[in-house]
Amino acid sequence: MTSPFASAIRLTPRAGVVIVLAAFLGAVAFFWPFVVAPGKFGSNYAPPLIFGVLLVLVLCVVLSEIGEGGINSKALAMLGVLSAVNAALRPLGAGTAGIETVFFVLVLAGRVYGPGFGFTLGCTSLFASALITGGVGPWMPYQMFGCAFVGMLAGFLPRASGRREVLLLAVYGSVSGYLFGFLLNLSFWPFSLDPNSSIAYLPGLPFTDQWHRYIAFDLATSLGWDTGRAVTNFVCILLAGPAVLTTFRRAARRARFQAPVRFTASKRAESESH
């Protein structure tokens with residue numbers, strides 16, 4: 001008997017390998033200031049654009065692999081609904097004081113519907129939101145990639161139930177809020193400050209010096225915003241988590257995403273055939 005809580009989108013071994021490779025390429029795309037040789041691209045503006053295009057291609061490959069692994073009409077419908085919900089929720093916070101209302105649904109959906117669904121929802125939610133709010137730009141692939149992994153990792157969290165599960169998800173949402181901001185800052189740090197600043201990107205510096213500069217930049221410019229995101233995630237999951245988890249699991253029971261579809265002849269058709 002198929003479990004009613006089976007993942008909405010099944011991850012095949014090949015899709016798993018593709019995701020691991022995507023994570024590696026994503027790490028390179030985010031951490032390029034520490035790995036690209038000075039003057040390699042001739043401009044600090046070139047790497048974010050090049051890696052942004054690369055991330056779009058990587059996400060397309062991963063999504064095609066996930067879809068090939070098995071996404072039925074019920075999972076696709078749920079994905080469309082939650083993507084629309086997240087796209088509508090995001091402008092409510094709009095990042096003001098770091099408040100982001102898109103993450104808690106992403107974390108809870110990834111938890112209930114599995115890592116494949118969480119990865120896909122992270123991509124589609126940010127894409128739909130960018131189209132609605134006019135937020136399309138070179139930063140969008142980085143945001144999509146970051147949210148995709150936030151949703152996916154929620155599906156890999158250890159088993160828990162009741163209050164322990166809600167607390168686990170709330171803590172994860174808070175940590176992911178900080179991590180998301182930390183990674184996204186890397187996409188624009190190299191050209192956001194005067195090169196003479198002590199916290200600006202300076203090509204050619206040793207890794208440790210470059211790292212110290214970035215940590216100082218992140219603490220000085222982003223810690224407050226990231227704290228707002230982390231607190232929003234924690235509070236939203238803690239307050240709305242139990243009700244949303246119950247709703248999602250009830251939908252999963254009724255949908256039975258991975259249940260095999262069988263067609264049987266009706267009694268009337270059988271009688272007519274005789």
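Helices are DSSP runs (H or I, at least four residues) numbered from the N terminus. Over residues 1–5 the pLDDT is below 50, and beyond near neighbours in sequence this stretch has 12 contacts in the model, contact meaning heavy atoms within 4.5 Å. Where pLDDT is low, the predicted coordinates should not be read in detail. For the protein, the mean pLDDT is 80, and 80% of the residues reach 70 or more. Residues are numbered from 1 along each chain as its sequence is written. In this predicted model, local features need pLDDT of at least 70, side-chain atom pairs count only at pLDDT 80 or more, and totals for chains, interfaces and linings use all residues, while side-chain values use heavy atoms, without hydrogens and water.

Helix α7 (residues 140–154) and helix α8 (residues 162–186) have axes that come within 10 Å and cross at roughly 155 degrees. Helix α7 is therefore roughly antiparallel to α8 (angles over 145 degrees). Residues of α7 in the contact include Tyr142, Phe149 and Leu153, and those of α8 include Tyr172 and Phe180.

Leu59 lies in helix α3 (residues 46–70). Leu59 is buried, with a relative accessible area of 4% (buried means under 20%, with a 1.4 Å probe and protein chains only). Leaving aside neighbours within four places in sequence, Leu59 is in contact with Phe119, Cys123, Pro141, Met144 and Phe145. The C-alpha atoms of Leu59 and Ile19, 40 residues apart along the chain, are separated by 9.1 Å.

Notes: Axes are lines fitted to C-alpha atoms, for helices over the stretch in contact, and angles run from 0 to 180 degrees between N-to-C directions. Helices (H or I, at least four residues) and strands (E, at least two) are DSSP runs, numbered from the N terminus. Angles under 35 degrees count as roughly parallel, over 145 as roughly antiparallel, 65 to 115 as roughly perpendicular and the rest as oblique. Buried means under 20% relative accessible area, exposed over 50%, partly exposed in between (1.4 Å probe, protein chains only). pLDDT is the predictor's confidence in each residue, from 0 to 100.
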